[in-house]
Amino acid sequence: MTDYFDELNCQPVEEENTGTHQLMLMLRYLRQSGFDALLNMNMNDDRLPPAASKELVKNLESRHVTEDDEKCAICLLPNENLNGQKFLKLPCNHEFHDSCILPWLERTNSCPMCRQEMKTDDEDYEEQKKRKQRQQQRDEEVEMLHNSMYG
Ligand SMILES: [Zn+2]
Ligand SMILES: [Zn+2]
């Protein structure tokens, strides 16, 4: 088993990351076959969080791709014939071609690699997120209390 992954020069996909792995494969496929498919597919999918904040996307750090850079994880194209291609850096420090990640961020607010969510322009969603965080905090406090009493 270990040899197998060594040969492929990659890490085994862990159980909890399987969803992300599938997402990357999907993104790659759609990148190759055109993002229109993705846009249509997600048109009625309200499970995806809303688009990333336009302001935030506009201010993402960008830089020119060089041949020494790691491949963009979405398209996996070799860094040659660069033609002024640019990488955009997300707040989680993952970098993708602007042409690969921008259509994605127009649909949803999370990094396709690590799922870290970015700010959105959707007030309802932001409110909901805050509420969820408070709820989570409360749950953790209750659990800590529980552990300190019975643990
Ligand atoms: Zn790319
Ligand atoms: Zn990331």
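Predicted model: local features only at pLDDT ≥ 70, side-chain atom pairs only at ≥ 80, totals over all residues.

Visitor: Is His-94 buried, exposed or partly exposed?

Guide: The relative accessibility of His-94 is 25%. Buried would need a value under 20%, and exposed one over 50%. So His-94 counts as partly exposed.

Visitor: Which residues coordinate the zinc ion (ligand 2)?

Guide: The donor atoms sit at 1.9 to 2.4 Å from the zinc ion (ligand 2). Along the chain they follow the spacing C-x1-H-x16-C-x2-C. The residues are Cys-92 (SG), His-94 (ND1), Cys-111 (SG) and Cys-114 (SG).

Visitor: What geometry does the site of the zinc ion (ligand 2) have?

Guide: Four donors count as tetrahedral if all angles lie between 85 and 135 degrees. Here the 4 donor atoms make angles of 106 to 114°. The site is therefore tetrahedral.

Visitor: How many residues apart in sequence are the parts that His-94 and Cys-114 tie together?

Guide: His-94 is in the loop between strand E2 (86-89) and strand E3 (95-97). Cys-114 is in the loop between helix H5 (98-105) and helix H6 (123-150), so the pair links parts whose separation in sequence is 20 residues.

Visitor: Which residue in the hairpin of E2 and E3 takes a positive phi?

Guide: E2 and E3 run antiparallel, joined by 3 bridges. Their hairpin has 5 residues between the strands. The residue with a positive phi, near 80°, is Asn-93.

Technical notes:
Residues numbered from 1 in each chain as written. Chains lettered and ligands numbered in written order. Heavy atoms only, no water. Donors = N, O, S within 2.8 Å, 3.2 Å for Na, K, Ca; no water. Tetrahedral: all angles 85-135°; square planar, octahedral: opposite > 155°, others 65-115°. Helix = DSSP H or I, 4+ residues; strand = E, 2+ residues; numbered from the N terminus. Buried < 20%, exposed > 50% of the residue type's maximum accessible area, 1.4 Å probe, protein only. Pairing = 2+ DSSP bridges.
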